[in-house]
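Subject: Handover of a structure

Dear colleague,

Please find the sequence and the structure below. My notes on what was found follow directly after them.

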Amino acid sequence: MAKRPKMLNERKEGGIGLVICAVLLLVILLILSFEVYLRVNYFVVEVSGDSMLETVHSGDYLYAKIDREPQHGDVVIIDTKDDEVFSGDYIIKRVIGLEGDTVKCEANVVYVKYAGEDEYVPLDEPYAYGNTWDFSAVLVGEGEIFFLGDNRENSRDARISGCRQQSAVTGVVPEWSISTKGFFTFWEGLRIKINSWMN
């Protein structure tokens, strides 16, 4: 029996394979573009220690935004290389007070009197873990920040060291990086393994 001739609009054999290859190539390009975007605008931080439990854990990887000015409640990376109070080069903490604010804690509640205001406001801190010991009012100086770890019973922070210059903040960790920390911890671990295999 004679073979039927192919119609002009008939799909060529192997067309599905080409579609799959094109989709895979597109996915790879998107991943590489995202990776380049992250590397240009953020830097990667591996959390070490328990001072930010339960928000982040030791071993988590986070992305920190370069050149973003910290705001109240932001999780930040602070350079502590020249600081005798802290043992490492960097710490990760949460900004509680900015220039002109006054911060205090009474009966496990942190209060902030914001710059230019007359009354203290109790902070709603769903991220705080453990009890915050009382400390007397601290006025945040010019260009400074007051910061606490989320794990209030196991954190060396501004309660011990005092305020630090805002210029010591090297990056601000966006909320999306914290909420997707499991994925990015896996992703960074995979990248490290691939790099070690290639070297």
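Helices and strands are DSSP runs, numbered from the N terminus: a helix (H or I) has at least four residues and a strand (E) at least two. In these terms, leucine 98 belongs to strand β4.

Two remarks on the source come before the rest. The model is predicted, so that local features need a pLDDT of at least 70 and side-chain atom pairs count only at pLDDT 80 or more, while totals for chains, interfaces and linings use all residues. Residues are numbered from 1 along each chain as its sequence is written, and side-chain values use heavy atoms, with hydrogens and water left out.

Leucine 98 is buried, with a relative accessible area of 13%; buried means under 20%, exposed over 50%, and partly exposed in between, with a 1.4 Å probe and protein chains only. Contact is taken as heavy atoms within 4.5 Å. Leaving aside neighbours within four places in sequence, leucine 98 is in contact with Pro70, Gln71, His72, Val140, Glu144, Ile145 and Gln166. Glycine 143 is 45 residues away from leucine 98 in sequence, and the two C-alpha atoms are 7.8 Å apart in space.

The open sheet

Two strands are said to pair if DSSP finds at least two bridges between them. Strands of a sheet pair through backbone hydrogen bonds, either parallel or antiparallel. Here, 4 strands form an open sheet with antiparallel pairing, in the order β7-β6-β5-β8. Its edge strands are β7 (121–122) and β8 (135–139), each of which pairs on one side only. Between β5 and β6, the antiparallel pairing runs over 5 bridges. Lysine 104 stands opposite tyrosine 111 in β6.

Backbone features

Which residue lies in the loop between β5 (102–106) and β6 (109–113)? That residue is alanine 107, and its phi is near 50°, a positive value in a residue other than glycine. Alanine 107 is exposed, with a relative accessible area of 65%. From alanine 107 to phenylalanine 135 there are 28 residues in sequence and 9.7 Å in space, C-alpha to C-alpha.

Aspartate 67 also has a positive phi, of about 60°, although it is not a glycine. Its place is in the loop between β2 and β3 (75–79), and aspartate 67 is exposed, at a relative accessible area of 78%.

The peptide bond from leucine 53 to glutamate 54 is cis, with omega near -5°. Glutamate 54 lies in the loop between β1 (42–46) and β2 (61–65).

Serine 177 and the cysteines

Serine 177 is placed in helix α3 (residues 175–179). Is serine 177 buried or exposed? With 0% relative accessibility, it counts as buried. Not counting residues up to four places away in sequence, serine 177 touches Leu62 and Tyr63.

A disulfide is a covalent bond between the sulfur atoms of two cysteines; the criterion used is a pair of cysteine sulfur atoms within 2.5 Å. A search of the whole structure finds 0 disulfides. Cysteine 163 is in none, and the nearest cysteine sulfur, that of cysteine 105, is 15 Å away. Cysteine 163 counts as buried, at 14% relative accessibility.

Pockets

The search runs on a 1 Å grid over the protein atoms alone, and a pocket is an open set of points with protein on both sides within 12 Å along at least five of seven lines; lining residues have an atom within 4 Å of a point. Grid points are joined across faces, edges and corners, and a volume is the space filled by probe spheres set on the points.

The largest pocket has a volume of about 430 Å³. Its lining has 19 residues, of which Ser48, Ser51, Tyr90, Ile91 and Ile92 lie nearest its centre. The elements that give two or more residues to this lining are β1 and β4 (90–98), and β4 gives the most, with 4 residues.

The second largest pocket holds about 180 Å³ of space. Its lining is made up of Ile28, Ile31, Leu32, Glu35, Trp187, Leu190, Arg191 and Ile194. Here α1 (15–41) and α4 (181–198) are the elements that give two or more residues.

Yours sincerely

Notes
1 Å grid on protein atoms, 1.4 Å probe; cavity = no way out; pocket = protein on both sides within 12 Å on 5 of 7 lines; lining within 4 Å.
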